[in-house]
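Please keep the sequence and the 3D view open while you read.

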Amino acid sequence: MTQLVWNGLFVGSFYALVALGYSMVYGIIKLLNFAHGDLYMLGAFAGFAILGAVGGVSSAMALPLLLAVLLATMAVTGLAGVALERIAYRPLRRAPRLSLLITAVGASFALEYGMRAVAGADPRVYPVRLGGTSLEILGARLTVQQVVLVGVAVLLMAGLNLLVTRTREGRAMRAIALDPRTSALMGIDVNAVISRTFFIGSALAGAAGVMAGAYYGKIDFMMGFLIGLKAFTAAVIGGIGNIPGTMLGGLLLGLLESFGTFWLGGEWRDVFAFGVLILFLTVRPTGLLGERVTERV
């Protein structure tokens, strides 16, 4: 039982990091950014390129190097998210929602097959692979590297929550989410705040991509598709647009997958996850911590 819980929390931390970008963008401009999962893929390949340029490293230096690469990758994917918002979404911000949704799907395909053109269709083996000796705690077997990756994910999520709830930037984000027109009249630079929101969300997705590549050891140009759907599922379960709810939704989805795989088998893992999504949409459409809101016109 303890092992299942740990496995679920470990996977759920990846889902939560990616889902936060979905939730932030939707909370501010009501856009389902289906290209967000591909920024996770872009982060994995950016980390792969940086590690390849650095060359071989000793096992003792693998973790410190990976943390440095993670920060660099967050900057790369953050800027990619800003460019995506500026080129693809900002010109259509006042267009019908369906236009934005179709644009997001098109941006997703552009990132996927653009990466295929650059890196090829074959999977790549990550230059740095986190292994390490196993520890047994309360009957669960885990590694120091797993604990570090979960710790990094928790720190990033906690930092984001503090940013949104305790800083001037966070107040500006929440004001735009409530009423962008009035926020502009009050002196808030709406476009700049939205760009920074895309930067933060994309950076978190890139961090998750590097962590996944280093842990699982293999990346490919389609790796963002499924985790993008899973992150969307996590955001809906927790309450899309609600930061603590999205974190909770990611961890809960990881736990559900872990126990579902144990009960039903690995081949039913995705069916179980999306079945839970359908159940939540039926019973509680707003998610665990989400609230019904009245859209201003």
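Is Ala212 buried or exposed? Ala212 is buried, because its relative accessible area is 3%; buried means under 20%, exposed over 50% and partly exposed in between, with a 1.4 Å probe and protein chains only. The model is predicted: local features need pLDDT of at least 70, side-chain atom pairs count only at pLDDT 80 or more, and totals for chains, interfaces and linings use all residues. Residues are numbered from 1 along each chain as its sequence is written, and side-chain values use heavy atoms, with hydrogens and water left out.

- Ala212 sits in helix α8; helices are DSSP runs of H or I with at least four residues, strands are runs of E with at least two, and both are numbered from the N terminus.
- Beyond residues up to four places away in sequence, Ala212 touches Phe14, Tyr40 and Gly217. Contact here means heavy atoms within 4.5 Å.
- From Ala212 to Val271 is 59 residues in sequence and 22 Å in space, C-alpha to C-alpha.
- Ala107 belongs to helix α4 (residues 97-119). Ala107 has a relative accessible area of 10%, so this residue is buried.
- Ala107 is in contact with Ala35, Leu84 and Tyr89, leaving aside neighbours within four places in sequence.
- Tyr89 is 18 residues from Ala107 along the chain, and their C-alpha atoms are separated by 9.7 Å.

**Helix α2**

- Helix α2 covers residues 36-54, which is 19 residues.
- At 1.5 Å a residue, α2 should span 27 Å, and its end C-alpha atoms are 27 Å apart, which agrees. The expected span is 1.5 Å times one less than the number of residues.
- Of the 19 residues of α2, 14 are buried, so the rest of the structure largely encloses this helix.

**Packing of α1 on α6**

- Helix α1 (residues 2-29) packs against α6 at an angle of about 55°, and the axes are 6 Å apart. Axes are lines fitted to C-alpha atoms, for helices over the stretch in contact, and angles run from 0 to 180 degrees between N-to-C directions.
- α1 and α6 are therefore oblique to each other. Under 35 degrees counts as roughly parallel, over 145 as roughly antiparallel, 65 to 115 as roughly perpendicular, and the rest as oblique.
- Met24, Gly27 and Ile28 in α1 meet Met173, Ile176 and Ala177 in α6.
- The residues of this contact are five nonpolar, one polar and no charged.
- Ala, Val, Leu, Ile, Met, Phe, Trp, Tyr, Cys and Pro count as nonpolar; Asp, Glu, Lys and Arg count as charged; the others, Gly among them, count as polar.

**Salt bridges**

- The whole structure holds four salt bridges. Each is a side-chain nitrogen of Lys or Arg within 4 Å of a carboxyl oxygen of Asp or Glu.
- Glu169 pairs with Arg196 in a salt bridge at 2.7 Å, N to O. This pair links distant parts of the chain, 27 residues apart: Glu169 is in helix α6 (residues 168-178) and Arg196 in helix α8 (residues 190-216).
- Arg196 is partly exposed, at 38% relative accessibility.
- Lys230 forms a salt bridge with Glu257, with the closest N and O atoms 2.7 Å apart. Lys230 lies in helix α9 (residues 223-238) and Glu257 in helix α10 (residues 243-264), so the pair ties together parts 27 residues apart in sequence.
- Lys230 and Glu257 are both buried.
- Within it, the side chains of Glu85 and Arg93 meet at 2.4 Å, N to O. Glu85 is buried at 1% relative accessibility, whereas Arg93 is partly exposed at 26%.
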